Amino acid sequence: MENSAMFLEARGLSRVYRRGSEDIHALHEVSFSIQRGEFVSFMGPSGSGKTTLVNLLGCLDNPTSGELDLAGRKIFGNGNVLSERDLTRIRREIFGYVFQNFYLIPTLTVLENVALPFAFYRKPGARLEEVRRLLAMLGMERRMDHLPAQISGGEMQRVAIARALVNRPEILLADEPTGNLDTTRSAEIGEILQHLNRNEGLTIIMVSHNPNLARLGGRLIEMRDGKVFK
Amino acid sequence: MKSALKDVALALDQRLRVFYLAVTLIILVTATPVCGAVGCDLNDPDRDVARLFPNSSGYRTSYASIEKRGGEPLLRKVETRLGDRFHGIYETVDVPYTIYEIYSGKEKVGYIHGVNEKGQFGGIQVFVALDMAGTIKSFYIQKITSQWAKKLRDPAFGAQFRGMSLKDLEQYDPLAGKGTGKVGEIQNPVSEAETDFRAALRALKKNLILMDEFVFSTEGKKP
Amino acid sequence: MITRYQIAYKNLLRKKARTLLTIIGITLSSWVLVSLLGFNQGYERALNRDIENMGYQIMVMAKGCPYEAATMMLQGGTGLRYIEKSMVGSILKEPEIDQATPILMQAFFDPNKGENGGIAGYFGVDPATYPSMKPFFRFRQGEWFHDDSADEAVMGFEAAELEQREVGDMIFVPEKNVKLKVVGILERTGTQDDGTIFVPLKTLQKVSGIDMITTIGIKVKKDADIVELENKLYKLPDVQVVSLSQVKQTIMKLISTARIMVLSVAIIAILIAMVGVINTILMSVLERIQEIGILKTMGAMPGDIFSLVWTETLILCACGGVAGIGFAIGFASATDFLVRIILPYAPAGGLVVIDVSLAMLTMGIILLVGLMSGLYPAWKAGRVRPLESIRR
């Protein structure tokens, strides 16, 4: 694996939404960089632009202007807009996503939910055994044949984390991963993320307004009014 | 408007006519596709029922066969009572018998039942109208092919059976063609048609035995 | 561990009632469709078989309406027109003709058949030429006549059953007071021959006192030009040519009205089923927008999602199609029965014939229609953007 110092680099990223005749500057000329193996947390009040930023970093959206390099590749820049198809290709190579609302498929078992990405794409080197290994690592080996409705919220988020990891992503993107969980479960998920970062060397970018969770990361970036304050 | 409708009706009629005629041509002699053994039905049940039971208000049709009511053992029993065996390729266990139950209002007032019998020159269909006790109200031959058919179908011949019941017919021996008591007194109107005369009597006896087996014995009103 | 097919069918199980209702809709429409197609080919086949069983393709009759002649015969035997028997010889000179046989139809009134009397019809046939036109006749008892003017009769199965006749028994020709001996009883053929009594031509001529014939049955050589022959026969004086292929066309033309009606019903049924499929799949897509968005973050391309949704459509249609074809085959005899009630003339034998190729064709149509119905919902699902769906 290439040991580049700057794994992710954002330069002057901006995102403007139009609402009626009004332009809303959700993100304003944001620049920063992240190294491989870092655990970076973005914190800020609602409307501070953290979700917009994470969507851009996670290639779920195009910026209005600015540049983004990822793992030595130029992703955004020179005003070119990537199609949904191109974005999908980048996403499946680099990212795993965890969201506040887990989004498990209710008709599939825990095992099937985790294996789901393989039905569409299998990254070279990703192994089927990874599914069971991840579930075991997250303490879910006894729940593999359960349906999502039969397990708790904390367990659902573990399943979602396992699902995000089966294709061995370079970066795990977690958007308010504990937003729907109580304090105890939140702490558990935090521990898991920390473990993944330390023991598996996974780069993690997390958005959270929970200060306890945000502090787990090696680096905390605060956001306000579409700008970052390190 | 009316004439336009009439034209359409005529055109349709013409088409239908051509159609039916074409069909007639193909069929020439119509054959009803019946499978299995042939039964014995009234030619025109509505008319016949009204004629035989002038006070009736309606009728119900039911079907019975020896095969369904008792099979081989019943066949043996019927043959024993008849005093003759069932024979030929048409007198079989699976022949369906049509029994007309006659009603006056809600009350059942009698039965009409016919059987096929092999005659000298063709099939004979012998029908009886019975009251609830099994006594013959009318006897008539619906179909018979013979030079002397007219005499055997004469109401005067049928009238001789009025008032008789199975008890009387039990005195008739179809093998010998002889009977005692009331049956013995029945006159053959044409001596040349002896075969058909005997066939008619055998058919009548068979008819009453079957009615006894299918209806009266099961209703517990054995005559 | 999990395939797209499994994802699709497990998704359909999510709303069981809705899925079931949709499948029932497809089942009904494919049932109607396959029965209709089966009837289409079955009816024509049965009609062809009926005509083939006539043994001859062309009939020559005396001029005057041939239809009327046939009806008259059924009504009482009066008004029949006759042609010379010698015409058979002259007709046989035509090169297209394989065989020709003279037939005399006669009907006698029997006052002792039922209340008002009835008609007994007889077919006078030539023992030398007629049997070879009916090679499929099988005898239940006995055989053909022993002599071309014997006082004998061969009875169709149902005629024999009605008259309770066996070989050796006598029959009685009403009106003429003639007795004939039954020498043969035919097996059931399922055609009008079952109700016919055959008598040697010369015998019937003698009995009726008519030395002419009513009809000539003509069997055409294989590959011969029937139309050409018909045209030649039309030129003969005082005769009427009835081609059974014409009769068939007339019947088929009349049946086509009924066919068009059933076809429209089938098309409407398919359209309704199609709307049902579109509704079901579209609902299911809209309900799952977020899930579809998640699948896209996992790396699913628009085409992957499209094929996933299409697979669901395909499963619905395949289940409904198979069930519909199954019902159609299972209830073919019931359909047959219904068709016979509706149609004034139905040939003998199975009217609804559903074979493998027909089942495949129907399945193909159902799947095609299904895939078309799935097109829009699948396209819509493929276009879902993860960002928007997740943020909802």
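This is a predicted model: local features need pLDDT of at least 70, side-chain atom pairs count only at pLDDT 80 or more; totals for chains, interfaces and linings use all residues.
Q: Is B:Glu79 buried or exposed?
A: B:Glu79 lies in helix H4 of chain B, which covers residues 71–82. The cut-off for a buried residue is under 20% relative accessible area; because the relative accessibility of B:Glu79 is 9%, this residue counts as buried.

Q: Which residue has its backbone nitrogen 2.8 Å from a polar atom of the side chain of B:Glu79?
A: Once the neighbours within four places in sequence are left aside, B:Glu79 is in contact with B:Asp84, B:Arg85 and B:Phe86. The backbone nitrogen that lies 2.8 Å from a polar atom of the B:Glu79 side chain belongs to B:Phe86.

Q: How much area do chain C and chain A bury between them?
A: The size of an interface is often given as the accessible area lost when the parts come together. Here 25 residues of chain C are in contact with 29 residues of chain A. Carbon and sulfur atoms account for 67% of the area that chain C and chain A bury between them, and that area is about 2800 Å². In chain C, the residues that lose the most area to chain A, together 24% of what that side buries, are C:Met1, C:Met298 and C:Met301.

Q: Which residue of chain C meets A:Glu112 in a salt bridge?
A: Across the interface of chain C and chain A, the rule finds 4 residue pairs in polar contact, with both residues at pLDDT 80 or more, and it finds 2 salt bridges. In one of these bridges, with 2.7 Å from N to O, the side chain of A:Glu112 meets that of C:Lys10.

Q: Which helix gives the largest share of the side of chain C that touches chain A?
A: At least two residues of this side come from each of helix H1 (4–12), helix H10 (289–297), helix H11 (302–330) and helix H14 (386–391) of chain C. By class, the side of chain C that touches chain A has 13 nonpolar, 4 polar and 8 charged residues. The largest share, 6 residues, comes from H10(C).

Terms used:
Residues are numbered from 1 along each chain as its sequence is written. Chains are lettered from A and ligands numbered from 1 in the order in which they are written. Side-chain values use heavy atoms; hydrogens and water are left out. Helices (H or I, at least four residues) and strands (E, at least two) are DSSP runs, numbered from the N terminus. Buried means under 20% relative accessible area, exposed over 50%, partly exposed in between (1.4 Å probe, protein chains only). A polar contact is a pair of N or O atoms within 3.5 Å; within protein, one must be able to donate a hydrogen and the other to accept it, and residues adjacent in sequence count only if both atoms are side-chain atoms. Contact means heavy atoms within 4.5 Å. Buried area is the accessible area (1.4 Å probe) that two parts lose on being put together, summed over both. A salt bridge is a side-chain nitrogen of Lys or Arg within 4 Å of a carboxyl oxygen of Asp or Glu. Ala, Val, Leu, Ile, Met, Phe, Trp, Tyr, Cys and Pro count as nonpolar, Asp, Glu, Lys and Arg as charged, and the others, Gly among them, as polar.
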